[in-house]
2 protein chains.
Amino acid sequence: MLVYLNGTYVPKERATISVDDRGFIFGDGVYEVIRARDGQLFEAAAHFERLAAGLDALEIQGLARAELQTLETIARELLERNGLVQGNGESGGASEATIYLQVTRGAAPRTHAFPRVATTPTVYLAASPFTPAVALQERGGTAITLPDVRWARCNIKTINLVPNVLAKQRAVEAGATEAIFVRDGAITDGASTNVFAVFDGEVRTPPLSTYLLPGITRRVVLDLAAESGIPVREQPVLLEELARADELFLTGTTTDVQPVCELDGRRIGAGTPGPVTRRLQSALAGRLAGLARAVAS
Amino acid sequence: MLVYLNGTYVPKERATISVDDRGFIFGDGVYEVIRARDGQLFEAAAHFERLAAGLDALEIQGLARAELQTLETIARELLERNGLVQGNGESGGASEATIYLQVTRGAAPRTHAFPRVATTPTVYLAASPFTPAVALQERGGTAITLPDVRWARCNIKTINLVPNVLAKQRAVEAGATEAIFVRDGAITDGASTNVFAVFDGEVRTPPLSTYLLPGITRRVVLDLAAESGIPVREQPVLLEELARADELFLTGTTTDVQPVCELDGRRIGAGTPGPVTRRLQSALAGRLAGLARAVAS
């Protein structure tokens, strides 16, 4: 697998970074995971906009807006060079892949404050084949809730992910597919997803704040709901309210729309994926298929 | 400069880690900074105990207790190999150095949960010459306060340090030497230090909790205060109380006891380092000198 690191395409096993990299020492960087189908990036503009916002928030300079655009070219190039642009001939399916993209402040002698001498950011991109969790989306998963111990700037997509790592591990150990964070009685994010509930036909998800990751798929799903005439409301969702939710689902770049049928061991609604979730799954699938059609045409 | 990385002593410029290292991707690791004088490690046992607690908290396995002990040997070896065990002949002073030590969960394909196949932790140690900030300790520094936006497990010394990085940078930009975090109206830590105040001759510092880094120098200073007959109390310190504090100081492995004469632009006490701070500086200096004497004898 070829990856891109600081200007060069290299085999992943030869892609190494300095022990002085502030990504390694402080987690001083941001990242994105972008979905690709048949070599086309899904919602690329939104991902690069969020990346730029994250770099601004951390004041990581040295990557001009113009260079951010070249990252998109690099991502496409990686898909091409790694044979991820065309579907598998045997199954006839589309070529599914993800792009992982990380930018850190670069390498410098260790000091908490920004280095006095400007560093060159470390830029790393990798492309990987991806298999959507179709069965899980079909039958639905389960989730547990955990206190949201993350920091107060979850809107910045940094690589400071220890709380997410620990939460996801707790979910795995509980036999669940996701851990949903709860802060001050209200749900925020999943460990690597955004969370939606359905009450009486209305889709609700917590409003964007510094406690929420502004998910790209979250935005797409909100738009799709509106386009489909499904009422949506961005409003806090209390954990105690979920007892009477009809449906619950997660969204994410590699999660798509994933039903949650059981939370903390209790059934949500009928305990099976609900109709609103199904409509949104279908709408998102259509949007992703449109990406592939755009290539074919 | 020779560093130690995963079993080998290598020049730092050749010490590189995989882009798949979970330290680089998730900040999934812990670290220590240990003071060394004339080749002797200060409070080594306490540092290795905290390291072990951090590894336990993150469930990073694969480093046995016995191996943790070898890290101490490696640290001493690094001091030796880098010529940091003997004082500079010209000045006749002691050889001051720091050991930086980091352990991450190791390299694995990216997935938030722990890798299914056990990874070998990445172990990195470096020794650096160190110059105590004597002038700053003599004349005292200044600090600003900032909301404590860190996560809720600050007692684990992880490399998820973006909030600390940003806070320290804010301090630098304000012309201050440290940023002190405030959570729910009470002070917690400095960006890279612990915080102490003196009220009517009594030393006060926030009690250990999940919101506080259990500093080694903090513990030493509390012990020294008790030994010196100075009343100490581990009790929350409200920001508003600091207006009537007689003294304020910071502690840390590379900070020693550093007076803070001004907070958010307002003088603390007389605006100069106070007598209790001076006594504790002197006591800590004595403890560090004892380390050097132990070598000489």
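Modeller: A:Arg105 touches A:Arg22, A:Asp28, A:Leu58, A:Glu59, A:Ile60, A:Phe114, A:Pro115, A:Thr119, A:Thr120, A:Pro121 and B:Val165, leaving aside residues up to four places away in sequence. The model is a predicted one. The residue A:Arg105 belongs to the loop between β6 (96-104) and β7 (122-129) of chain A.

Biologist: Why is A:Arg105 called buried?

Modeller: Buried means under 20% relative accessible area. A:Arg105 has a relative accessible area of 4%, and therefore it is classed as buried.

Biologist: What makes the approach of the A:Arg105 side chain to the backbone oxygen of A:Leu58 a polar contact?

Modeller: The cut-off for such a pair of N or O atoms is within 3.5 Å. A polar atom of the A:Arg105 side chain lies 2.8 Å from the backbone oxygen of A:Leu58. The side chain of A:Arg105 also reaches the backbone oxygen of A:Glu59, at 3.1 Å.

Biologist: Which residue does the side chain of B:Arg204 join in a polar contact, and is B:Arg204 buried or exposed?

Modeller: The side chains of B:Arg204 and B:Glu241 are joined by a polar contact of 3.0 Å. B:Arg204 has a relative accessible area of 6%, so it is buried. Its place is in strand β12 (residues 202-205) of chain B. Among the residues that B:Arg204 touches are B:Phe196, B:Phe199, B:Arg233 and B:Glu241.

Biologist: How many aromatic pairs are found over all chains?

Modeller: A search of the whole structure finds 10 aromatic pairs. In one of them, B:Tyr4 and B:Tyr9 have ring centres 5.3 Å apart and ring planes at 70°.

Biologist: Why is the pair of B:Tyr4 and B:Tyr9 called edge-to-face?

Modeller: Centres must lie within 6.5 Å for a pair, and planes over 60 degrees apart count as edge-to-face. With 5.3 Å and 70°, B:Tyr4 and B:Tyr9 are therefore an edge-to-face pair. B:Tyr4 is buried, at 12% relative accessible area, whereas B:Tyr9 counts as partly exposed at 23%.

Biologist: What makes the pair of B:Tyr31 and B:Tyr100 stacked?

Modeller: Planes under 30 degrees apart count as stacked. The rings of B:Tyr31 and B:Tyr100 have centres 5.8 Å apart and planes at 25°, so this pair is stacked. The pair links distant parts of the chain, with B:Tyr31 in strand β4 (residues 29-37) and B:Tyr100 in strand β6 (residues 96-104) of chain B, 69 residues apart. B:Tyr31 is buried at 5% relative accessible area, and B:Tyr100 is buried at 9%. Ring pairs link A:Phe24, B:Tyr31, B:Tyr100 and B:Tyr124 into a cluster.

Biologist: How do you know what relation holds between chain B and chain A?

Modeller: Chain B is superposed on chain A by a rotation of 180° with 0.0 Å of shift along the axis, at an RMSD of 0.0 Å. That is the relation of a two-fold axis. The same surface serves both copies, since 100% of the contact residues of chain B recur in chain A.

Biologist: How do you know that the radius of gyration of chain A agrees with that of a compact globule?

Modeller: A compact globule of 297 residues would have a radius of gyration near 19 Å, and chain A has 20 Å, so the value agrees. Buried residues make up 58% of the 297 residues in chain A. Chain A has 7 helices and 16 strands.

Technical notes
Residues are numbered from 1 along each chain as its sequence is written. Chains are lettered from A and ligands numbered from 1 in the order in which they are written. This is a predicted model: local features need pLDDT of at least 70, side-chain atom pairs count only at pLDDT 80 or more; totals for chains, interfaces and linings use all residues. Side-chain values use heavy atoms; hydrogens and water are left out. Helices (H or I, at least four residues) and strands (E, at least two) are DSSP runs, numbered from the N terminus. Buried means under 20% relative accessible area, exposed over 50%, partly exposed in between (1.4 Å probe, protein chains only). A polar contact is a pair of N or O atoms within 3.5 Å; within protein, one must be able to donate a hydrogen and the other to accept it, and residues adjacent in sequence count only if both atoms are side-chain atoms. Contact means heavy atoms within 4.5 Å. Copies are superposed by least squares on the C-alpha atoms of residues with pLDDT of at least 70 in both. The radius of gyration is taken over C-alpha atoms; the globule rule is 2.2 Å times the number of residues to the power 0.38. Rings of Phe, Tyr and Trp (its six-membered ring) pair if their centres lie within 6.5 Å; planes under 30 degrees apart count as stacked, over 60 as edge-to-face and the rest as tilted.
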